[in-house]
Amino acid sequence: MTEPRILDVVTIGESLGLLSSEEAGALRHGSRMRLTFGGAESNVAIGVARLGGTAGWIGRLGADAVGEVILRELRAESVQPHATIDPVAATAIMLKELPVPGSSRVRYYRQVQAGSRLTADDVPHGVVATAKILHVTGISAALGPGPLGAIHRAIEEARASGTLVSFDVNHRGSLWADEDLAVKTYRSLAQRADIVFSGDDEAALVTESHDLRAQLDTLLEWGAHQAIVKRGHRGAVAATRDGDYESMPAVEVPIVDTVGAGDAFVAGWLAEQASGAGLRARLATAVACGALACTARGDWEANPTRADLAQLERQPADPVSR
């Protein structure tokens, strides 16, 4: 018997504690720090929940305060966590500093931490089958054979249950010692996905083409039903295997921090996908979500609600609401 679809989107991957500098300047000078968390997959789950969807996250955390922060915040954002608690390894950390105003630098401490120890056995039986969409990324796939195996196990469960598979390339060159292996891994995941997202530079890496239409066509030829290329300040384009094509310009907003914008874009698309919206509506919401995510610091804190999207559309002349 088919499981009821109680989740719109379930994601699987690594979440990390985020220590972020609150002021510009080198950390060695004693900058004040703020503790929160981030991670592409949990960012997407939060983004979907903010838009009124139901979302879950699968991952592995340490038995520590940072892991507790992540679980607490996910629940506070109405995301259903399915976390294996690692009795040995700590939750991974990323350290974000602001060397000068308007720029940031991030260092990761993740190699032997809990998220990198994720395995196929950590995928809870039946959870993927209760979701309309499974979302995975190339970031967690880069962490080693264990996390990659967990992703493929989740995809197998999705395929068996009719759950759509969404894949965001999310290339991080620092995580790969061998770029050829990275490309091979991304292609193998793209070929198992129904929806493929990539930045324009990532699409060029994976398809070996700098022509936008050729990139989309290649992703669709590999088996995806929908291919989306995120182009930053130039907006985004999307195509389907049925021959539909849409292009959308970027939304102009004051830029504070671009980290997490791509994840917010994906969350907007998937939330609309789960609700049955058409191609243009999916792309419009995705572009707006990506823009609004840039208006505050943090990986997910500026992910918009439906009310935020409506406010963006109105664009009041007076920036003060009374």
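Start with the largest nonpolar core, which has 41 residues. Within that core, V10, I12, V128, L134, F167 and Y186 touch the most other members. Bear in mind that this is a predicted model. As background, nonpolar side chains in soluble globular proteins tend to be buried together.

Take L134 from that group. Leaving aside neighbours within four places in sequence, L134 is in contact with V10, I12 and V128, and also with A154, I155, A158, T163, L164, V165 and S166. Another core lies apart from this one; it has 34 residues, and A45, V79, I195 and V287 are among them.

Next, helix α4, residues 145–161. Its 17 residues should span 24 Å at 1.5 Å a residue, and the end C-alpha atoms are 24 Å apart, so the two values agree. Which residues of α4 are buried? They are P147, A150, I151, H152, A154, I155, E157, A158 and S161. The elements covering those buried residues include strands β1 (7–12), β8 (131–137) and β9 (164–168), along with helices α3 (138–141) and α5 (179–190). After α4 comes G162, with a positive phi near 80°.

Is T240 buried or exposed? Its relative accessibility is 10%, and the cut-off for buried is under 20%, so T240 counts as buried. Which residues does T240 contact, leaving aside neighbours within four places in sequence? The contacts are L220, H225, Q226 and L279.

That is what I have.

Terms used
Residues are numbered from 1 along each chain as its sequence is written. This is a predicted model: local features need pLDDT of at least 70, side-chain atom pairs count only at pLDDT 80 or more; totals for chains, interfaces and linings use all residues. Side-chain values use heavy atoms; hydrogens and water are left out. Buried means under 20% relative accessible area, exposed over 50%, partly exposed in between (1.4 Å probe, protein chains only). Contact means heavy atoms within 4.5 Å. A nonpolar core is a set of buried Ala, Val, Leu, Ile, Met, Phe, Trp, Tyr and Cys residues joined through side-chain atoms within 4.5 Å. Helices (H or I, at least four residues) and strands (E, at least two) are DSSP runs, numbered from the N terminus. The expected span of a helix is 1.5 Å times one less than its number of residues.
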